[in-house]
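Me: Can you walk me through this one? Keep it short and plain, please.

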Amino acid sequence: VQLQASGGGSVQAGGSLTISCIASGSIFNINVMGWYRETPGKERELVARITRDNIVDYVEEAVKGRFTISRDNAKTPNDKTTLRLQMTVMEPEDAGVYSCFAANPGRTYWGQGTQVTVSS
């Protein structure tokens, strides 16, 4: 399983940004996917998580109503799955390195992080 994140960048407070993660390889039956955020001096935080059936089973309290996670599943075993995180009304506290993950019981795959900066 390979995960490639993209879309990070700089945005002003109140602005919007969408980051994406393309999953390829043996991802056809991957169950949970989601995003973590890392900021200096803080533990890695789970931002949002979505199941293979497109059920959003977790959204961090601080981003509820502002961030939306979505997923377009691969249609065939050779296809790719796209995970997105639409971030709106962004706050400086949303800044960090966002990493996507894909998980089945007993195994978690990680993509490289994408940097998000929010200026006040």
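Me: Which strand is Thr-114 in?
Reply: Thr-114 belongs to strand S11, residues 114-119. Helices (H or I, at least four residues) and strands (E, at least two) are DSSP runs, numbered from the N terminus.

Me: And where do these numbers come from?
Reply: This is a predicted model: local features need pLDDT of at least 70, side-chain atom pairs count only at pLDDT 80 or more, and totals for chains, interfaces and linings use all residues. Residues are numbered from 1 along each chain as its sequence is written, and side-chain values use heavy atoms, leaving out hydrogens and water.

Me: Is Thr-114 buried or exposed?
Reply: Thr-114 is buried, because its relative accessibility is 9%. Buried means under 20% relative accessible area, exposed means over 50%, and partly exposed lies in between (1.4 Å probe, protein chains only).

Me: What does the side chain of Thr-114 reach?
Reply: The backbone nitrogen of Gly-8, at 3.0 Å. Thr-114 also touches several residues, among them Ala-5, Ile-19 and Tyr-98, not counting residues up to four places away in sequence. Contact means heavy atoms within 4.5 Å.

Me: New topic. Which way do the side chains point along S7?
Reply: They alternate along S7, residues 67-72. Phe-67, Ile-69 and Arg-71 point to one face and are buried.

Me: How many bridges join S7 to S8?
Reply: Six, and the two strands run antiparallel. S8 covers residues 81-87. Two strands pair if DSSP finds at least two bridges between them.

Me: What stands opposite Phe-67?
Reply: Met-87 in S8. Met-87 also touches Phe-67, and its other contacts include Leu-17, Tyr-98 and Val-116, not counting residues up to four places away in sequence.

Me: How many residues are in the largest nonpolar core?
Reply: It has 29 residues. Trp-35, Leu-85, Met-87 and Tyr-98 have the most contacts inside it. A nonpolar core is a set of buried Ala, Val, Leu, Ile, Met, Phe, Trp, Tyr and Cys residues joined through side-chain atoms within 4.5 Å.

Me: Which elements give two or more residues to this core?
Reply: S1, S3, S4, S5, S7, S8, S9 and S11. The largest share, four residues, comes from S3.

Me: Now charges. How many salt bridges does the count come to?
Reply: Eight. A salt bridge is a side-chain nitrogen of Lys or Arg within 4 Å of a carboxyl oxygen of Asp or Glu.

Me: What does Glu-60 meet in a salt bridge?
Reply: Arg-37, at 2.8 Å, N to O. The pair links distant parts of the chain, 23 residues apart. Glu-60 is in the loop between S6 and S7, and Arg-37 is in S4.

Me: Are those two buried or exposed?
Reply: Glu-60 is buried, because its relative accessible area is 10%. Arg-37 is buried too, at 3%. Arg-37, Lys-42, Glu-45 and Glu-60 are linked in a network of salt bridges.

Me: What does Lys-64 form a salt bridge with?
Reply: Glu-61, with the closest N and O atoms 3.2 Å apart. Lys-64 is partly exposed at 47% relative accessibility. Glu-61 is exposed, with a relative accessible area of 59%.

Me: And what about Glu-91? Which residue is its salt bridge with?
Reply: Arg-66, with the closest N and O atoms 3.8 Å apart. Glu-91 is partly exposed at 33%, whereas Arg-66 is buried at 10%.

Notes:
A polar contact is a pair of N or O atoms within 3.5 Å; within protein, one must be able to donate a hydrogen and the other to accept it, and residues adjacent in sequence count only if both atoms are side-chain atoms.
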